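Colleague: I would like to learn how to read the features of a model like this one. Could we go through them slowly?

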Number of protein chains: 2
Amino acid sequence: MQISSRFTIAIHMLTCMENFKDEYKITSDFLASSINVNPVIIRRILSQLRDAGIIEVKRGTGGAAVIKPLDEITFLDVYRAVECIEENTLFHFHENPNPDCPVGKNIHNILDDKLKRVQDAMERELDAITLADVMRDLEKYIGESRAGMK
Amino acid sequence: MQISSRFTIAIHMLTCMENFKDEYKITSDFLASSINVNPVIIRRILSQLRDAGIIEVKRGTGGAAVIKPLDEITFLDVYRAVECIEENTLFHFHENPNPDCPVGKNIHNILDDKLKRVQDAMERELDAITLADVMRDLEKYIGESRAGMK
DNA sequence: TTTGTTGTAATGTCAATAGTTACAATTCCT
DNA sequence: AGGAATTGTAACTATTGACATTACAACAAA
C-alpha cells in the first residue's frame, strides 16, 4: 500500500502558492490547473492545510497563502496534515491473534516497539526536509531553463 | 494509507514456524488458528515467502519450514516478499502535473530524491531488524509467563 | 486408493481514494 | 443592493486494494 497522492499534491500546492504569490491570486482553480486534478480535491486539501495552521484561505474573494516561514514547514507537518493517520499506525496489525497461543498472545508486544522504530526513522527523515529546500531546488531548475533559453 | 497486515501476518507466521517446528507440523490451518485469519490468506503469504527463498513448503503431505538462518531474515526481506511494491514507490505521485507550469514541469524532479531519502530511511531500519530479534524477545516473554506460573 | 494438504481461481464485501456535480455561504466590487 | 467570483461541503460514482470465503484440482504419502 502506498501513501496517498494527497501528500505530493499538498507539497505541489504549497510550492505553487509560494512561487506565484506575487503574480497571481492563488485559487483552487489555479492550483488545479497546475496539478491537473479536480478543484474540489484541491479545496479539500486546502482545508486540511489550513486546519494545520500552514496556510490561510480567504472565503468569498478567494486566495490562499502560506502563513509560516518556509523553513519551518517540514514534510512531516504536511504528511500529518493530509494523511489521516494516527500515531503509530503506519503498519496495519492483524486484529485478532489467538490469545491461547504463546506466539499469538505475545506478538503484539514483541512487534510494537520494532514497528515504532521503523515509523520513527521515516518520520525523522520527513521532519528533516522543509518547503525551503523545495523552493531552493525549484529556483535552481527554473534558473537552468532560463539559461537554456538564451 | 497503511502498510497492509500481510506484513505483520508474515512475521507472525515465521515466528510460529520457528517456535513450533519440533512440536507440530506447520500447516496453513495451524498457522491460521494462531493468527486468526482464513487459511487461504496464509497460503498466499506462504507462497510469497517461498518465492522469496525464506521458507520451503511441502505439497501434498503439508508442512512449512524456515530455510534461512534467522539472523539473516530481515524485516526488509519480509516486507519486500509480501508487499507488492516496486522500488521507490512508497509515495504515490499525482500522475499528470501540468508541463506548461514551471512548478508542474519540475515538481517530479524536485521531489523524487527527497521521497527516496524517506523511503531509504525506512528501509534501512527494516533491514536492521531480524527474525532472530523477534525469537529472542519471544523467549523472554514465554520465560516470564512460565516464571509467573510457579 | 484414501487422506490430508497445498495452490489457485472465482467471487464477495468493505474501506479508501479520487473524480464530479451541485449549491449554499461568503466576500468584494460597482 | 445586486452581481460576480470563490470557498466549503454534501452527495454520488467509479475504481482499486485488502481481506474473506468457497470450491476444487494437483499432489504426496501411508
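Colleague: How many aromatic pairs are there over all chains?

Modeller: A pair of aromatic rings is described by the distance of the centres and the angle of the planes. Rings of Phe, Tyr and Trp (its six-membered ring) pair if their centres lie within 6.5 Å, and planes under 30 degrees apart count as stacked, over 60 as edge-to-face and the rest as tilted. Over all chains this rule gives 12 aromatic pairs, and a cluster linked by ring pairs joins Phe7(A), Phe75(A), Tyr79(A) and Phe91(B). This is a predicted model, in which local features need pLDDT of at least 70 and side-chain atom pairs count only at pLDDT 80 or more, while totals for chains, interfaces and linings use all residues. Residues are numbered from 1 along each chain as its sequence is written, chains are lettered from A and ligands numbered from 1 in the order in which they are written, and side-chain values use heavy atoms, with hydrogens and water left out.

Colleague: Which ring does the charged end of Lys140(A) sit over?

Modeller: A charge sits over a ring if NZ of Lys or CZ of Arg is within 6 Å of the ring centre and within 35 degrees of the ring normal. For Lys140(A) the ring is that of Tyr141(A), with the charged end 5.7 Å from its centre; in chain B, the charged end of Lys140(B) sits over the ring of Tyr141(B), 5.7 Å from its centre.

Colleague: How many residues does the contact take from chain A and from chain B?

Modeller: With contact meaning heavy atoms within 4.5 Å, 57 residues come from chain A and 57 residues from chain B.

Colleague: How many salt bridges cross the interface of chain A and chain B?

Modeller: Taking a salt bridge as a side-chain nitrogen of Lys or Arg within 4 Å of a carboxyl oxygen of Asp or Glu, the interface has four. Asp137(A) and Lys114(B) meet through their side chains in a salt bridge, 2.5 Å from N to O.
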